[in-house]
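Good morning, and thank you for making time for this presentation.

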There are 2 protein chains.
Amino acid sequence: MKHIDIEEIQSWERFYRANFVNALSGFKAVSLVSTVNKEGTSNLAVFSNIVHIGADPALIGFINRPRAASPHTLANIEATGFFTINHVHPTFADKAHQTSAKYPEGVSEFEAVGLTPTFKAGFPAPFVAESMVQYALELSELVFLEKNNTYLVVGSLQHVFLDPDFVCSDGLIDLNKAESMVSLGVDAYCTTLPHARFAYAKAAKPTTRIDFA
Amino acid sequence: MKHIDIEEIQSWERFYRANFVNALSGFKAVSLVSTVNKEGTSNLAVFSNIVHIGADPALIGFINRPRAASPHTLANIEATGFFTINHVHPTFADKAHQTSAKYPEGVSEFEAVGLTPTFKAGFPAPFVAESMVQYALELSELVFLEKNNTYLVVGSLQHVFLDPDFVCSDGLIDLNKAESMVSLGVDAYCTTLPHARFAYAKAAKPTTRIDFA
């Protein structure tokens with residue numbers, strides 16, 4: 001095993017460093033965050049720093065880069081209070097990635113990359129019709145992280161749309177079946193395979209497997 | 001597609017709801033967080049809410065559950081300021097899961113589940129010898145999320161240990177090759193397969209593939 005210390009990492013060329021550090025924390029749930037501005041123009045952007053905050057209340061967050069680097073999603077959420085998150089699948093991973101390009105003001109990434117906005121359940125922000133797992137959130141907390149000027153955007157879950165066949169008998173959503181993707185670093189997209197589920201761990205008991213069914 | 005609203009989710013039995021909501025945000029990087037207390041007893045706990053915060057400065061965070069539910073990791077990090085994060089692989093996914101059991105005070109999960117603590121680079125917290133990707137962090141920011149009493153623990157990267165064969169020519173760590181796992185919900189563990197890498201997206205250019213090499 002090679003030992004790499006922080007001085008060496010800091011000495012690297014910045015894209016090399018970004019690729020390395022971004023992958024180090026592991027695979028990430030890659031999703032499309034969809035918002036609208038006050039004028040009704042929709043925005044769609046690929047995010048991979050999505051994090052489960054809690055199940056009750058149901059809170060899901062994501063890390064938004066510094067305001068200057070990624071302005072529209074954050075501004076739209078602040079203006080309207082609403083956003084949707086839509087899983088990415090192999091059939092449109094290239095389009096999801098393409099949303100990271102800088103499009104001129106007033107251009108919707110939906111149109112630019114060829115994905116379909118769909119409005120449902122009276123929710124103000126559109127969902128991505130092509131996505132197999134879609135959910136809607138209302139802004140709950142916006143936490144500024146001063147060390148690097150990023151934001152933790154926490155949303156309160158409002159609606160979910162998915163195929164009920166993905167849901168196991170105990171509530172687990174089998175995202176292997178949905179073919180929801182993970183991302184790695186800033187530009188890699190990967191698929192998954194189930195390995196095992198394990199029963200609730202107890203100190204006095206051996207680890208036992210349970211089913212995905 | 002089925003529409004499920006938050007009122008329905010709130011009406012569910014709590015384990016069913018936890019399984020569902022925890023999976024909804026997508027697959028997660030699953031890792032073992034290792035710490036020591038002031039008396040030198042090591043603690044090892046599986047965490048899957050790990051989040052990339054930034055590459056320069058290199059900051060990686062994780063969500064820690066409310067203090068009462070998961071006391072040792074947070075207390076040790078507050079007491080010493082240091083922790084390591086160690087990727088989980090199929091060879092010891094069962095042992096990683098078993099660290100979530102409640103062991104008596106003074107029992108190290110390393111010994112209880114059969115994983116090997118290893119001290120390196122003068123770092124105060126041990127690494128998990130069985131892990132193929134290990135990294136060490138110093139506490140940088142501890143953010144309390146008041147909506148559900150959780151904490152975002154942000155660490156500043158200090159050391160990395162890995163096989164240099166995992167690192168692509170442009171810095172990406174190919175975690176498919178390392179067989180680093182992802183988790184799903186509270187008890188499922190999955191493996192990954194590479195799908196595609198895409199070049200930096202530009203508005204005027206079609207999406208183009210790049211190599212994992």
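About 8800 Å² is buried between chain A and chain B, and carbon and sulfur atoms give 64% of that area. On the chain A side, the residues that lose the most area to chain B are Met1(A), Leu24(A) and Phe27(A), and together they account for 9% of what that side buries. Please bear in mind that this is a predicted model.

How many residues does each chain bring to the contact? Chain A supplies 106 residues, and chain B likewise supplies 106 residues.

Let me turn to the polar side of the interface. There are 43 residue pairs in polar contact across the interface of chain A and chain B, counting pairs with both residues at pLDDT 80 or more. Which element of chain A gives the most to the side that touches chain B? That element is strand S13 of chain A, residues 188-198, with eleven residues. Sorted by class, the chain A side that touches chain B comprises 60 nonpolar, 28 polar and 18 charged residues.

Next, the salt bridges. Over all chains, the rule gives a count of eight. One pair crosses between chains: Arg197(B) sits in strand S13 (residues 188-198) of chain B, while Asp187(A) sits in the loop between strand S12 (182-184) and S13 of chain A. The closest N and O atoms of this salt bridge between Arg197(B) and Asp187(A) are 2.8 Å apart. Across the interface of chain A and chain B, four salt bridges are found.

The chains also meet through strand pairing.

I now come to the backbone. Most residues other than glycine have a negative phi, and most peptide bonds are trans. In chain A, the peptide bond joining Asp56(A) and Pro57(A) is cis, with omega about 5°. Pro57(A) is placed in the loop between strand S5 (50-55) and strand S6 (58-64) of chain A. In chain B, the bond from Asp56(B) to Pro57(B) is cis, with omega near 5°, and Pro57(B) is found in the loop between strands S5 (50-55) and S6 (58-64) of chain B. Finally, Ala121(A), a residue other than glycine, has a positive phi, near 55°. Ala121(A) belongs to the loop between strand S8 (117-118) and strand S9 (127-128) of chain A.

I close with the confidence values. Chain A has a mean pLDDT of 96, and 100% of its residues reach 70 or more. For the complex, the predictor gives an ipTM of 0.96 and a pTM of 0.95.

Terms used:
Residues are numbered from 1 along each chain as its sequence is written. Chains are lettered from A and ligands numbered from 1 in the order in which they are written. This is a predicted model: local features need pLDDT of at least 70, side-chain atom pairs count only at pLDDT 80 or more; totals for chains, interfaces and linings use all residues. Side-chain values use heavy atoms; hydrogens and water are left out. Contact means heavy atoms within 4.5 Å. Buried area is the accessible area (1.4 Å probe) that two parts lose on being put together, summed over both. A salt bridge is a side-chain nitrogen of Lys or Arg within 4 Å of a carboxyl oxygen of Asp or Glu. A polar contact is a pair of N or O atoms within 3.5 Å; within protein, one must be able to donate a hydrogen and the other to accept it, and residues adjacent in sequence count only if both atoms are side-chain atoms. Helices (H or I, at least four residues) and strands (E, at least two) are DSSP runs, numbered from the N terminus. Ala, Val, Leu, Ile, Met, Phe, Trp, Tyr, Cys and Pro count as nonpolar, Asp, Glu, Lys and Arg as charged, and the others, Gly among them, as polar. pLDDT is the predictor's confidence in each residue, from 0 to 100.
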